[in-house]
Amino acid sequence: MMKARPCLFCLLFLVVVTLALGTIDSDLKRCKHQCKALQQIGEHQRKECYEMCDKYHSEKQRDEEEEPSSFLPYRGREEEEEEYGEQEKENNPFVFEDQHFITGIKTQHGRVRVLPKFTERSKLFKGIENYRFAILEANPQTFVVPNHWDADTVLFVAQGRGTLNLVRRGKRNSFNIRPGDVIRVYAGTTAYLINRDNNENLFIAKLLRSVYTPGQFEHFFGPGGRENPESFYGAFSSEILEAALNTRGDRLQRLFGQEREGVIIRASEEQIRQMSQHEEGGIWPFGGESKGSVNIFKQRPSQSNQYGQFHEVDESHYRQLEDLDISLSFGNITEGGMLGPIYSSRATKIAVVVDGEGYFEMACPHLASKSGRRQRQGSERGRETRIGLGYQKVRSRLRRGMVLIIPAGHPFAAVASTNQNLQIFCFNVNARDNEVVPLAGRNNVVSLLEREAMELGFGLPAREVEQIFRSQQEEFFFQGPGGRQQREERELGRADA
Ligand SMILES: *[C@@H]1O[C@H](CO)[C@@H](O)[C@H](O)[C@H]1NC(C)=O
Ligand SMILES: [Cu+2]
């Protein structure tokens, strides 16, 4: 009486095995098609068959999305090259290149390029929302016209020689600036600048913290004319200007009616010479430690070995940083060397590659929680603190001019290419009481754990853990993977001979 029931799972098994042999995209269709084609099963079972296809499909997709194991087994060079490309295209909001900048000011004699508000790039940057990053570039023998802006600013001279004038509280201070100089400019200070070099462009990196609209700032030009730049005086009615300046209207019209040639303009040799002279031998170079500015290259390195040096400037070196809670650091990684892995306990780094090439890696829990599987496994909607859901490896090539964001707590490492030093300058936001925590090398944090904690934490005998975390004798800077490979090849070569 009873019809012989075919073994449903045998049939499904066949379907799924066929699926496993194919490629993902066409497969879901194919699988379902086969469910449909199965004669012997009822509607209910067919539905189950479809569901099984869906389930299998999504699992397979998930597996393919999964990053290959981070460092085991060892991956060859070609694969790494490929991966650079992928990561850059993929969702990596931490790296900024040329195309991410907005050109704020541009004349034939120079330009100012600004990164958009960080939160426009990613919600992850809410903590640095109030900061903006800009790079000023001025050709030789040029003048940047006086102006003020509604943001506190820290300047870093990356290249070139200039003279900066700051007018604040009824006094004008003049600085001859050179690479490595760090200068705080208070919001509302009237500032102007010359590039006094005959050949070299002047590059200045700036970190701005708005004092009015969070994450936004405006320039105000007094000197100027009807246009390019327009003088803000011109916005007032003539009755006010005539009374305030005690001058006849026609003369004011002439003054504020000029068409100007831009914000960065050429100055004559004589003008440059006159403006460069003011403080030669004054505040600079002899008063470097004083109020005005400080040179980060002149600071004794806090870390130094054959693989690199690390210089820092904080409020203890430069009082003017006190209220800003910003510090500066400069890493000079020797060719073939690497920095880290380390993390900053409180500070978020806004870093710019001043010179050289290489790459960096960073562990980021934020991005990982977005990638499918991990979320499915554990995150609950609305839960802000996610624990143990894994990390995305953020990785990018580094070249001159690139800007990186390295958030507090995020472990990272940077590697110099084997033919050139990699020099990275950082603005550290939220710098007070920041600690740089080493994750490898002498004094690394794991080596300071109790043996039992090592054992329990890693699930291996403490001796084994200790051996690994104590086998690097250097601190902070190490021989990089490239250098190591070369050395091993050399040693192998020697052994063969
Ligand atoms: C960086 O280090 C190299 C030595 O590896 C040194 O010659 C160079 O002057 C350093 N640069 C800066 C800016 O400290
Ligand atoms: Cu992150």
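Modeller: Happy to. His410 is buried, because its relative accessible area is 5%, and the cut-off for that label is under 20%. His366 is partly exposed, with a relative accessible area of 29%. Both histidines coordinate the copper ion (ligand 2), His366 through ND1 and His410 through NE2. Cys364 coordinates the copper ion (ligand 2) as well, through SG, and the distances for these donors run from 2.1 to 2.2 Å. Along the chain, the donors follow the spacing C-x1-H-x43-H. His366 lies in helix H9 (residues 365–368) while His410 sits in the loop between S22 and S23, so the pair ties together parts that are 44 residues apart in sequence.

Rolling a probe the size of a water molecule over the atoms shows where empty space is left. In this predicted model there are 2 cavities of 30 Å³ or more.

Strands S22 (403–406) and S23 (412–416), whose connecting loop holds His410, are among the elements that give two or more residues to the lining of the second largest cavity. The others are strands S17 (326–333), S18 (337–344), S19 (348–355) and S24 (422–429). S17 provides the largest share of this lining, with 4 residues. The second largest cavity has 16 lining residues, and Leu339, Phe412, Ala414, Ile424 and Cys426 lie nearest its centre.

The largest cavity has a volume of about 160 Å³. Strand S5 (142–149), strand S10 (190–195) and strand S11 (202–210) are the elements that give two or more residues to its lining. That lining is made up of 16 residues, with Leu136, Val144, Asn147, Trp149 and Lys206 lying nearest the centre of the largest cavity. The lining of the largest cavity comprises 13 nonpolar residues, 2 polar and 1 charged.

One more buried residue may be of interest to you. Asn295, in strand S14 (residues 293–295), counts as buried because its relative accessibility is 3%. The side chain of Asn295 reaches the backbone oxygen of Pro179 at 2.9 Å, and a polar contact is a pair of N or O atoms within 3.5 Å.

Notes
Residues numbered from 1 in each chain as written. Chains lettered and ligands numbered in written order. Predicted model: local features only at pLDDT ≥ 70, side-chain atom pairs only at ≥ 80, totals over all residues. Heavy atoms only, no water. Buried < 20%, exposed > 50% of the residue type's maximum accessible area, 1.4 Å probe, protein only. Polar contact = N/O pair within 3.5 Å; in protein donor to acceptor, adjacent residues only side chain to side chain. 1 Å grid on protein atoms, 1.4 Å probe; cavity = no way out; pocket = protein on both sides within 12 Å on 5 of 7 lines; lining within 4 Å. Points joined across faces, edges and corners; volume = space filled by probe spheres on them. Nonpolar A, V, L, I, M, F, W, Y, C, P; charged D, E, K, R; others polar. Donors = N, O, S within 2.8 Å, 3.2 Å for Na, K, Ca; no water.
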